[in-house]
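Please view the sequence and the structure first.

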Amino acid sequence: MSNSHRIALACCCASLALACAVPSRAAETVGGLKPSTPVVEHQLVHPLLATQITHLDNGLTIVLHEDHRAPVVELQVWYRIGAIDEPAGLTGISHALEHMMFRGTTKVPTGEYHGRVARLGGQNNAFTTRDYTYYYLTLPASDLETALDLESDRMQHLTLAEPLFNTEIEVVKEERRLNTENNAFRAFSENVQGVVYPDSSMRNPVIGHMDDLNKMKVADLRQWYGQWYAPNNATLVLAGDFDAARVMSLVKTYFGSIPRHELPARAKPVEPVQQAGKRVVVKKPSLSSLVSFRWRIPDGTPPKDLAALDVLAEMLSNDYQDRRLALASDSLYAGFDYPTRGEPLFMLNAVPSQDASLSELESAMQKQVTLLHGAGLYGEMLERAQQRLLARNYFSYDELSNRAQELGMLTLYGFTPEEYVNHLSLMQQVTLKDLERVATTYLKDDNRVVGILEAQPLDKAVAAKEITHDR
Amino acid sequence: MTAKHWLFAGIALCWAAGAAAFPVVQQWQTANGVPVYLVERHDLPVIDLRIDVDAGESRSPAGTPGLATMTLYGLMDKDFETNELRTPYQLLTDTGNQYGVDLRRDRASILLRVVSTRGPMTMVSTLAKQMADAKYPFEYFKYRRDAVVGQLPENPAKSSTERNLSLALYGDHPLANLDRRTPDTVKSVGNSAARGFYRSFYVPGNLIVTLVGDVSRADAEKMANLLTEHLPKGDAAAPLPPVPLSASSVEAAPQRLVRQKNQSSIELAQLLPIDRKSPDMAAIMLGNYMLGSSGFQSRLMRELREKRGLTYDVSSSLDILRGSAMLSIDISTRSEQEQQALQLLHDELARFTRDGPTEAEVAEAKDRYLRSMSFWGSTNQALLGLVANLGYYKLPLDYYDQLAARIEKLNAADIKAAWQRHVDPTRFRIAIEGPEPAKPATDATPAAIAASAP
């Protein structure tokens, strides 16, 4: 709660959380065996389908999702601006601006934003990622108008006072020290992303490089704010206990008169095709080592393959297919970073178990990948992964903010709720053959970076990075 | 939501701004005396079930830290019998349901989240069979033990500020068992010891069952009966000895855990001899909220982050167990300004204890606190934890109402008095994870050298 500006790292299959409206097979067990005839459950209509999406004349996208379970509303404002948009030398500026969004407008002085929300018993926070920046507010339903007032105000009237910036940028540097420089896994990840995307802004760390933070000026932020904080670069999501018709008129009152403005042209970042596997070894003081395989997945990969990669990640994250890998690793994580404004990325990470060397772990991971290419997949693993995705569907309805966040994200990436639900439905249709096909097509050595974090003692100084190329 | 459930007229007034009601909690006992707590919520097809057992690390016998951990972690392990194809864990999770455990200083918790339309009773029955007859087969046990061993530090006191302070403050008390676990202590835990521990502590008198979600009273009763009727027999565990508070009464030099970092993480902690049932607790809770646990509204955030940019995060927290609570403060800051930050923390603590808050601050903080209480339990998972605490700490069903009423009545003098009764700003234990401090300059004065000596 107390950290208002935590960075949500834009990694790893954020889209997995909700599943779909297809009838599911109930997998009740009888004496440890599954019934041979699957039971069809009652049809579940995906709750996100009950959503209205409209646009104001100034280009602001409005997403309204009513949910009357509790007298609470969640308001989120999403700006399509993140680390991927940042030029060299200005990394971290989107995130620094996010911090300054709480440091006062001409109408609401610094500290007052938090104060007003807190006095209503509400909560607020903000996240910056590679692809976007978003702000959220949870308030009693009766105070919805306060939220609209606060957000429309800071979309237009941010003060960006220099003395406050000079203090706040120190906070940002402390955040970088806390979460990156003194956090071996994060620092490692920053290094590896630099090797995966050496030539494009996809490598930019959201928090920014320390050099850039040291040089950043309030004038840079003023320009960034002026360029990107516009209604035609934003999405307003409202979820919770309100009446959509009444709320639309309030939204128009608060946001309708904000002028749209021309956004700077932005080219999609392009990273040259990787011709050969790469390797990076990072040595840092850390509690444990880590091996990470990262595969670049081409833009324009067909939807069916994207769904299969999502399911493959879910499967690998939760089930050991191979005993050797189970013995060599203490924890295993697979993720598929999609959707994205950059390029999709498939990742397999593992922490070595106490008795395994890093090379043993790496070769066990390699064997797992090879198994995926061949006929080594087990139907039960796939079924379990799909069941988990379905059940998680139900579980994620619990949090209103999950719904709002899914809606904001899918809108930002240009999907309608129907398209999104269709993707989730595709995941349930994935077969073993699909998994083998995507593993063979996309998880190759040539488009992979292998990252190794070699843990060093916490109390001794060692810091080194080696980059080599396979072959 | 029925606002009626909030009993106190005075609170109802200040909650009228849009507060949700704390949901109705149903409570009963199984035939063998296990308390069951239920909140029905039928909006989602989900049931959250939680079993809390007085079998946390504090119950591991002297010399065997890790026994309670291994007992909880291995609870679902079972050798296959004829015609069995899947383990209990697989039966629970293959259909997407979630099973988890949480081992703490003072309790062991088992959590099951199931979809209510997909045969929840079968899942509960699978869990119940293990609760009734956990066997800890050796191969599984060894595999789990190896995994736990890999996660533990060789020297806990040097491994983190939190462990360092807990060991110092709890001393020899069993509440520090959690921090005493090392690879060696866990390696010496055998599966027969786990079986014995399970039989002694996973008994009706030590258990609480909590359910939240899409389940009727009748089904909840059935589930609770299934889970408890065949538990091992035995007596409830005796209360733990009183927590020694003497460790807090000694002024000790900060403990330094040397790290290759450019940022120092500082933690201060003190044990307070009060718990949820103490008359002063509401005042201590609101004081803590004002000092450091209300995010940007807290004094510490305002003074250290907002005004000075010294840190990304500073907060205080209150960990309340039975008979004692730990008040702690955490901050991370660039190592060169470590002493400045520490001094400021001391100053703020001293000021808060000496002067107390102003009436206006208290009125404002009370209002915020009470309003934020209306969000407590807004999700099933959050509610599950709150309701389980009622059972585990033997609190009345209207505890949260009473707490709100107590908070509502507090004034500045109450907070100052309670704070002065229980908190001594000069006697916090301090631990710092950070680089070796800079060597004193060669022309250091004798006084400076003396101050840096142990």
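Which residues does R429(B) touch, not counting residues up to four places away in sequence? The partners are L165(B), A168(B), L169(B), A252(B), L268(B), A269(B) and Q270(B), where a contact requires the C-beta atoms of two residues, placed from the backbone, to lie within 7 Å.

## Basis of the model

This is a predicted model, in which local features need pLDDT of at least 70, side-chain atom pairs count only at pLDDT 80 or more, and totals for chains, interfaces and linings use all residues. Residues are numbered from 1 along each chain as its sequence is written, while chains are lettered from A and ligands numbered from 1 in the order in which they are written.

## Surroundings of R429(B)

R429(B) belongs to strand β11 of chain B, which covers residues 429–434. Helices and strands here are DSSP runs (H or I over at least four residues for helices, E over at least two for strands), numbered from the N terminus. R429(B) counts as buried because it has 25 C-beta neighbours inside 10 Å. The classes are buried for 20 or more other C-beta atoms within 10 Å of the residue's own, exposed for 12 or fewer, and partly exposed in between, with C-beta atoms placed from the backbone.

The C-alpha atoms of R429(B) and S166(B) are separated by 9.5 Å, although the two residues are 263 apart along the chain.

## Domains of chain B

Chain B has a domain 1 at 23–228 and a domain 2 at 246–435; such bounds come from an automatic or database domain assignment. Between the C-alpha centres of domain 1 and domain 2 of chain B the distance is 29 Å. The contact between them involves 28 residues of domain 1 of chain B and 26 residues of domain 2 of chain B. On the domain 1 side, β2 (35–40), β3 (46–53), α6 (161–170) and β6 (207–213) of chain B each supply at least two residues. α6(B) gives the most to that side, with six residues. By class, the domain 1 side in chain B has 13 nonpolar, six polar and nine charged residues. Nonpolar covers Ala, Val, Leu, Ile, Met, Phe, Trp, Tyr, Cys and Pro; charged covers Asp, Glu, Lys and Arg; the others, Gly among them, are polar.

β6(B) is mostly covered, with seven of its seven residues buried. β6(B) pairs with β2(B) in the parallel sense over five bridges, and with β3(B) in the antiparallel sense over seven bridges; pairing requires that DSSP finds at least two bridges between two strands. In β6(B), L211(B) stands opposite L38(B) and V212(B) stands opposite D48(B).

## Domains of chain A

Chain A is divided into domain 1 (51–255) and domain 2 (278–469), with C-alpha centres 28 Å apart. Here 31 residues of domain 1 of chain A are in contact with 28 residues of domain 2 of chain A. The largest share of the domain 1 side, eight residues, comes from α5(A). That side of domain 1 of chain A holds 18 nonpolar, eight polar and five charged residues.

## Contact between the chains

Chain A gives 57 residues to the contact and chain B gives 58 residues. On the side of chain A, α2 (112–119), α4 (162–181) and α12 (379–396) each supply at least two residues, and α4(A) gives the most, with nine residues. The side of chain A that touches chain B has 21 nonpolar, 17 polar and 19 charged residues.

## Nonpolar cores

A nonpolar core is a set of buried Ala, Val, Leu, Ile, Met, Phe, Trp, Tyr and Cys residues joined through C-beta atoms within 7 Å. The largest has 197 residues, and those with the most contacts inside it are L236(A), L312(A) and F346(A). Helix α9 of chain A (residues 303–318) gives the most to this core, with eight residues. A second, separate core of 61 residues includes L167(B), A283(B), I284(B) and F296(B).

Not counting residues up to four places away in sequence, L236(A) touches L60(A), I62(A), V63(A), V77(A), V251(A) and F255(A).

## Confidence

The predictor gives the complex an ipTM of 0.85 and a pTM of 0.88. Chain B averages a pLDDT of 90, and 91% of the residues score at least 70; pLDDT is the predictor's confidence in each residue, from 0 to 100. Residues 1–20 of chain B have pLDDT below 50, and this stretch has 46 contacts in the model beyond near neighbours in sequence. Residues 443–454 of chain B stay under 50 too, with five contacts beyond four places in sequence. Where pLDDT is low, the predicted coordinates should not be read in detail.
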